[in-house]
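I opened this structure to look up a few places in turn. The entries below are in the order in which I made them.

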Amino acid sequence: DAPLIIAGDFNDWRNLGGHRLAETLGLKEAFHHHGKPARSYPSALPVLRLDRIYVRGFRVSRAEVHHGLPWSRFSDHAPLSAHLEME
């Protein structure tokens, strides 16, 4: 039940891992309020949903995808960020 954050490149094309994490660990996807995980690949113009931020014990006040310049110079995946508050 402790607060937990798991984030990274899951390559979870069909979001099967997200459902398992929610069921077994009680995690929620940070972009859940948008209805679907964030588009993060490729970084220049994201169309695929490969990266995730999962949280437990936090309220997500804002979640963002950072795409285009200068972000696309750092990686082929667009960085994701989430502003969290303890519940």
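I began with terms: helices (H or I, at least four residues) and strands (E, at least two) are DSSP runs, numbered from the N terminus. The model is predicted, so I kept its limits in view: local features need pLDDT of at least 70, side-chain atom pairs count only at pLDDT 80 or more, and totals for chains, interfaces and linings use all residues. Residues are numbered from 1 along each chain as its sequence is written, and side-chain values use heavy atoms, with hydrogens and water left out.

Entry on Ala 63. I found Ala 63 in strand β4. Is Ala 63 buried or exposed? Ala 63 has a relative accessible area of 11%, so I noted it as buried (under 20% relative accessible area; exposed is over 50%, partly exposed in between; 1.4 Å probe, protein chains only). I then listed its contacts (heavy atoms within 4.5 Å). Leaving out residues up to four places away in sequence, Ala 63 touches Ala 30, Phe 31, His 33, His 34, Ser 81 and Ala 82. Ser 81 is 18 residues from Ala 63 along the chain, yet their C-alpha atoms are separated by 5.7 Å.

In soluble globular proteins, nonpolar side chains tend to be buried together. I also checked Leu 80, whose contacts beyond four places in sequence include Phe 31, Ala 38 and Ile 53.

In what order do the three strands of the open sheet lie? I read the order as β1-β3-β2, with antiparallel pairing (two strands pair if DSSP finds at least two bridges between them). The edge strands, each pairing on one side only, are β1 (4–9) and β2. Between β2 and β3 (residues 51–56) I found two bridges.

Entry on Glu 29. Glu 29 lies in β2, which spans residues 28–29, and its bridge partner in β3 is Tyr 54. Beyond its neighbours within four places in sequence, Glu 29 is in contact with Pro 37, Arg 52, Ile 53 and Tyr 54. Glu 29 is buried but has no salt bridge (a side-chain nitrogen of Lys or Arg within 4 Å of a carboxyl oxygen of Asp or Glu). The nearest side chain of opposite charge is that of Arg 52, 4.5 Å away (Lys and Arg count as positive, Asp and Glu as negative; His and the chain ends are not counted). A polar atom of the Glu 29 side chain lies 2.6 Å from the backbone nitrogen of Phe 31.

Entry on the loops. The peptide bond from Tyr 41 to Pro 42 is cis, with omega near -5°; Pro 42 is in the loop between β2 and β3. The bond from Leu 69 to Pro 70 is cis, with omega near 0°, and Pro 70 lies in the loop between β4 and β5 (80–86). Asn 11, in the loop between β1 and α1 (16–25), has a positive phi of about 45° although it is not a glycine. Asn 11 is partly exposed, at 42%.

Methods. Polar contact = N/O pair within 3.5 Å; in protein donor to acceptor, adjacent residues only side chain to side chain.
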